[in-house]
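Hello,

Here is the structure you were waiting for. My notes follow it.

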Amino acid sequence: CVAVLKHKIAREVPRIREDFAAESKEESEYVTNNRHSSLTKENAPRTSMNHALWRCDKGHVWTRTIQARVRPGAPGCPNCSSLSGALQLQCVAVLKHKIAREVPRIREDFAAESKEESEYVTNNRHSSLTKENAPRTSMNHALWRCDKGHVWTRTIQARVRPGAPGCPNCSSLSGALQLQCVAVLKH
């Protein structure tokens with residue numbers, strides 16, 4: 001944490017340019033103009049909804065609330081964090097679309113690893129983001145494939161958050177939700 005900011009509402013937090021240099025005059029001015037009057041990184045509670053300016057080991061700088069940054073499983077640096085493990089295996093391709101209505105629909109019988117899938121990926125793939133370098137916070141949609149071969153689209157951010165649903169064809173109620181469900185209605 002570089003500094004606790006005075007802002008609690010995201011739209012009030014001044015934007016940081018992508019080329020914002022860590023430990024620069026620009027960062028110093030940003031901190032001076034936006035620093036909280038009494039909260040510091042030493043005394044801010046973990047539950048604080050105040051935004052803070054964060055810097056990773058590679059020098060990337062970003063803002064996030066303290067509470068969102070310190071919770072278990074919280075994403076780290078948006079520039080360094082990328083898909084890993086099973087999620088990277090399930091990601092077929094990062095798409096160029098950020099708005100759901102712009103994502104071309106996939107037919108129910110869309111065959112995994114087919115010519116149709118290959119054409120879909122070719123026509124909709126992002127020009128520079130890949131499953132290896134896409135940040136976990138990306139709002140870009142991606143094409144996903146489960147172990148059973150089902151294919152679907154969802155934003156990367158929605159897919160990687162804790163408790164996010166997996167394959168819509170394989171997912172079913174489990175645990176506490178199953179206990180709370182009285183019946184599935186036919187209507």
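**Sheet and helix**

In strand 2, Leu53 is the bridge partner of Ala3. Strands and helices here are DSSP runs, numbered from the N terminus: E of at least two residues for strands, H or I of at least four for helices.

The model is predicted, so local features need pLDDT of at least 70 and side-chain atom pairs count only at pLDDT 80 or more, while totals for chains, interfaces and linings use all residues. Residues are numbered from 1 along each chain as its sequence is written, and side-chain values use heavy atoms, with hydrogens and water left out.

Strand 1 and strand 2 (residues 51–55) run antiparallel and are joined by two bridges. Two strands pair if DSSP finds at least two bridges between them. The open sheet has three strands in the order 1-2-3, with antiparallel pairing. Strand 1 (3–4) and strand 3 (61–65) are at the edges with a single partner strand each, so one side of each has no neighbour in the sheet. Helix 1 (residues 25–34) packs on the sheet and touches strand 1, strand 2 and strand 3. Contact means heavy atoms within 4.5 Å. The direction of helix 1 makes about 160 degrees with that of strand 2. Axes are lines fitted to C-alpha atoms, for helices over the stretch in contact, and angles between N-to-C directions run from 0 to 180 degrees.

**Two residues**

Thr65 lies in strand 3. Is Thr65 buried or exposed? It is buried, at 11% relative accessibility. The cut-offs are under 20% relative accessible area for buried, over 50% for exposed, and partly exposed in between (1.4 Å probe, protein chains only). The side chain of Thr65 reaches the backbone nitrogen of Ala68 at 3.1 Å. Leaving aside neighbours within four places in sequence, Thr65 has contacts that include Ser48, His51 and Trp54.

Pro45 sits in the loop between helix 1 and strand 2. Pro45 is partly exposed, at 39% relative accessible area. Beyond its neighbours within four places in sequence, Pro45 contacts Leu39 and Ile66. The C-alpha atoms of Pro45 and Ile66 are 8.1 Å apart, with the two residues 21 apart along the chain.

The largest pocket holds about 880 Å³ of space. Of its 25 lining residues, Arg15, Trp62, Thr63, Pro78 and Thr137 are the closest to its centre. A pocket is an open set of points on a 1 Å grid over the protein atoms alone, where a 1.4 Å probe fits, with protein on both sides within 12 Å along at least five of seven lines; lining residues have an atom within 4 Å of a point. Strand 3 gives the most to this lining, with five residues.

Best wishes

Conventions. A polar contact is a pair of N or O atoms within 3.5 Å; within protein, one must be able to donate a hydrogen and the other to accept it, and residues adjacent in sequence count only if both atoms are side-chain atoms. Grid points are joined across faces, edges and corners, and a volume is the space filled by probe spheres set on the points.
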